[in-house]
Amino acid sequence: MNNTPTGPARPVTVRKAVIPAAGLGTRFLPATKATPKEMLPVVDKPAIQYVVEEAVSAGLPDVLMVTGRNKRPLEDHFDRNYELESALTRKGDEERLAKVQESSELATMHYVRQGDPRGLGHAVLCAAPHVGDEPFAVLLGDDLIDPRDPLLARMLEVLAQRGGSVIALMEVDPAQIHLYGCAAVAPTDDADVVRITGLVEKPDQAEAPSSYAVIGRYVLDPAVFGILKETEPGRGGEIQLTDALQQMAQDEDLGGPVHGVVFKGRRYDTGDRGDYLRAIVRLACEREDLGPEFRAWLRGFVAESGDA
């Protein structure tokens, strides 16, 4: 197989990011009964704001959220709150005013409703009218990527070099691979880039082609929309993005090739309650304004609990 990088047939400019946010958040009930899981705070910002900040930092100022019922707080968070801003202005509280205004000035925000929750592939397909015939990024809100490890920027760089689509991969314990989409890969001449030769959604450990798990960042060729329209529901009765990417990986005429960026940086999984709590602790410990005092308290707490 020829793994020499080849430039795409046309200049690649990615401007738009799609963030699926229609999930019910059942693992966090009852907290998510009336509050979208994406709005759960990670220290002092909702999880979804970290994701939008990541897209903007990578040069994607146009953000489409694919939402569902009871997701209005997402729109409110990224909109202006004139009453609150006025109250903070009267108090002369410029620091908090800046924090409130930050979210409404981050990006050009758009919203579309998914309607029936028919899987990630269907959520991506809902973005087709907005995205049009352009490559675009998909960022899943359960995966927070530390801004010191610019994964999305690297993926955009690989897309510019090689064309097609690019997905993010991370090596995981083989015993955990059944929780993820899993990639069969071939090496390239870049140490952190692999060629995707196949994809399987949540395989049993014995059937997994590798320990490379697909994590929640994708940069996709718009050809994926045509494939998703024809993709039958797969695992769990949902339209799986993995199934569409499998076709693209095996047939370059369908919008391939598909490459993977192997990520070894800091990733925080907020989709699981335990990992969500660990993400908060890690991020709080690293904050200059919170870290020193919080770390001191944490050391004392651990010592007192007898788990040191």
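Biologist: How do the residues of the lining of the largest cavity divide into nonpolar, polar and charged?
Modeller: They divide into 5 nonpolar, 2 polar and 3 charged. Ala, Val, Leu, Ile, Met, Phe, Trp, Tyr, Cys and Pro count as nonpolar, Asp, Glu, Lys and Arg as charged, and the others, Gly among them, as polar. One caution: this is a predicted model, where local features need pLDDT of at least 70, side-chain atom pairs need 80 or more, and totals for chains, interfaces and linings use all residues. Residues are numbered from 1 along each chain as its sequence is written, and side-chain values use heavy atoms, without hydrogens and water.

Biologist: Which residues line the largest cavity?
Modeller: Phe28, Lys37, Glu38, Leu40, Ala47, Ile48, Gly141, Asp142, Thr270 and Tyr276. A cavity is a set of points on a 1 Å grid over the protein atoms alone where a 1.4 Å probe fits but cannot get out; lining residues have an atom within 4 Å of a point.

Biologist: And how much space lies in the largest cavity?
Modeller: About 90 Å³. A volume is the space filled by probe spheres set on the points, which are joined across faces, edges and corners. The whole structure has 1 cavity of 30 Å³ or more.

Biologist: Pockets next. What volume does the largest pocket have?
Modeller: About 1,300 Å³. A pocket is an open set of points with protein on both sides within 12 Å along at least five of seven lines. The lining has 43 residues, and Arg27, Lys37, Leu140, Asp142 and Lys202 are the closest to the centre of the pocket.

Biologist: Which element gives the largest share of the lining of that pocket?
Modeller: Strand β11, with 4 residues. Helices (H or I, at least four residues) and strands (E, at least two) are DSSP runs, numbered from the N terminus.

Biologist: New topic. How many disulfides does the structure hold?
Modeller: It holds 0. The test is a pair of cysteine sulfur atoms within 2.5 Å.

Biologist: Is Cys126 buried or exposed?
Modeller: Cys126 counts as buried because its relative accessibility is 17%. Buried means under 20% relative accessible area, exposed over 50%, partly exposed in between (1.4 Å probe, protein chains only). Cys285 is buried too, at 15%.

Biologist: What about Phe301, buried or partly exposed?
Modeller: Phe301 is partly exposed, with a relative accessible area of 45%. Phe301 sits in helix α11, residues 291–305.
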